[in-house]
Amino acid sequence: MADALVPTKPHIQARAHVASFAAYEALHRASLADPSGFWRRQAQRVTWFRQFDETVQQDFARAEVAWFLGGKLNASYNCVDRHLAERAEQTAIVWAKDEPGQYERISYRQLHEHVGRLANVLRRFGVRKGDRVCIYLPMMPEAVYAMLACARIGAVHSVVFAGFSADALRDRIADADCRVVLTANEGLRGGKTIPLKKTVDEAIAGLPVHTVLVAQRTATATPMQQGRDRWLADELPKQRACCPVEWMDSEDPLFVLYTSGSTGKPKGQLHTTGGYLVYASYTHELVFDWRPGDVHFCAADVGWVTGHSYIVYGPLCNGATTVLFESTPLHPDAGRYWQVVDDVQANIFYTAPTALRALLRVGDEPVKKHARTSLRVLGSVGEPINPEVWQWYHDVVGDKRCAVVDTWWQTETGGILISALPGATPCKPGSATFPLPGVRPLLVDDQGKELVGNGVSGNLCLAGSWPGQARTILNDHARFQQTYFAMYPGLYFTGDGCRRDEDGYYWITGRVDDVLNVAGHRLGTAEIESALVSHEFCAEAAVVGFPHDLKGQGIYAYVIAGKAAEGVPAAEVEAVLKQVVRKVISPIATPDRIQVVPGLPKTRSGKIMRRILRKVAEANYTELGDLSTLAEPQVVEQIVQGHKAGR
Ligand code: WT7
């Protein structure tokens, strides 16, 4: 069956940076013919204190990559100071506070002062170039000031998502050897308070952290340890607003950001200054078709890479007005995003499919209550977006007027690599479409042989570096080399499976580490999941393998029942869905067990924690690991009970 094509919209094309598919193709072709020339020109979008001598050096065999060698610049200067001449009074940050209807606007001039003062506070407490600083702050402007203050003085920030537990925070502080931590007394999200300072106290007990700088978000008092803990409100007024920038080498570290791998120990992805900044700026402008004056609303958290690249560095480097959203999509009701869009007149909106699915479930009413006429581009990130959700985003949220861009990338890639361009790419809902100019994806089979031509599926790799690529895993270059460059020599391996369809469109099929081997047959869990959700009895599904006496691995499917299954006995739902999988894929893909569940264990960024589902599927209820990073930890207990009941 041919996939429906959603054409580009003439009114968007009319003013787009890349205004036709032919223009995109020409740009992409030219970029691959002369990558070094292409990136040398792109690099001129940032301000260099000293121009670079050499565009790129790369040796994938040794996992060594360097960009813009010999160049000197400062990310904070590029995101703040250089805008003062032209747009000092323009709003840099709109803080949409948790309390509905409350906003604070920070101009570039004010941003410059806040960042300078905080940079001087960091200096006062001994932070020097190259030192790592932990930022454990909620979605308040201080989080952005802190990132840019570190960048200003050459310190390396390590932002830890303010929903992580004390144990997770402790591991990250220890791994990066941070001596200074920035936090808040409490966070505020969806009307609930989060005891951040208390968590920090617990996390750093016994660690050599000498200074904790505390922002005040709520009126609640918090114990302060004499000599270690300081209120920012006391320290900031003691410092000058002016802080000279440290000119950094292009390859000096900018930040470290932890991602979970397949093993327990989180990996500190290290990004450097020149390449990362050029790439964040380039992709922000191109993918969201940003232009001066646009209000950019990325609803992610600064604790994830999406927040780093598309709330802070990309938009601010380009001189945008960026929205910092402290709340949740459902607070006080399912219309919150659209209320904010109207209030701040956002032109660009960027969120994750998981949020969209939650909203779709509530229906169209809360969307239609708001005008949304300012919107032009809608983005999606983090997981494959199911075609129905894509279509709803396009038809209902975007009123069929906006471009929808499904953007594929990773913490490791620093910025978007595969995505539609608003004015150029006819979309197939569910496909991330095509690589950006400068990006060369490649599919290989399990032996590492390249799959050429269209209509192929394989492991998604990248041939050749791009400036935003992570340079190493902090303190573990061997692991970096092993994880990304050893599997397919000469290529960067993403860990994702991907199909390039007959028309050359890329479809990310999910992590290949989730591939099952059932009686000698390789089956993608994502494949089985999409079969399940193709039936109206199933709203969402997560499939894992479990040890099976005869087949090696059996198939276990957790499903959230769809509206159509209301009142239908669970046994019948299971039977029908098994039949669906047999029909859509093959009898060999039939789940051994289907368990109807009220919800799935997900991280706050929307990723399903399959590790937990696998443990439950193998009846291993006692080793579920750390549940503190889950959006709704209580679903795990319900899933365990359901599993026990069905044995
Ligand atoms: C993994 C990276 C990139 C910021 C958020 C996640 C999956 C990401 C898409 C997409 C299908 C996607 C991939 C990737 N992913 N975007 N548009 N379509 N899958 O960053 O936590 O580093 O996760 O998320 O599996 O490898 P991350």
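Reply: Start with the elements around the ligand. Helix α12 (305-317) and strands β20 (403-407) and β25 (506-511) each supply at least two residues of the shell. Helices (H or I, at least four residues) and strands (E, at least two) are DSSP runs, numbered from the N terminus. This is a predicted model, where local features need pLDDT of at least 70 and side-chain atom pairs count only at pLDDT 80 or more, while totals for chains, interfaces and linings use all residues. Residues are numbered from 1 along each chain as its sequence is written, and side-chain values use heavy atoms, with hydrogens and water left out.

Now the shell itself. The ligand is surrounded by 16 residues, each with a heavy atom within 4 Å of it. Asp406, Thr407, Gln410, Thr411 and Asp496 are the closest. By class, six are nonpolar, five polar and five charged. Here Ala, Val, Leu, Ile, Met, Phe, Trp, Tyr, Cys and Pro count as nonpolar, Asp, Glu, Lys and Arg as charged, and the others, Gly among them, as polar.

Next, the polar contacts (pairs of N or O atoms within 3.5 Å). Thr411 uses its side chain: a polar atom there lies 2.6 Å from a ligand oxygen. Thr407 uses its backbone, with a polar atom 2.7 Å from a ligand nitrogen. Glu383 also has a polar backbone atom 3.3 Å from a nitrogen of the ligand. Of the 560 Å² of accessible area that the ligand has on its own, the protein covers 87%. Such areas come from the Shrake-Rupley method with a 1.4 Å probe.

Methods:
Polar contact = N/O pair within 3.5 Å; in protein donor to acceptor, adjacent residues only side chain to side chain.
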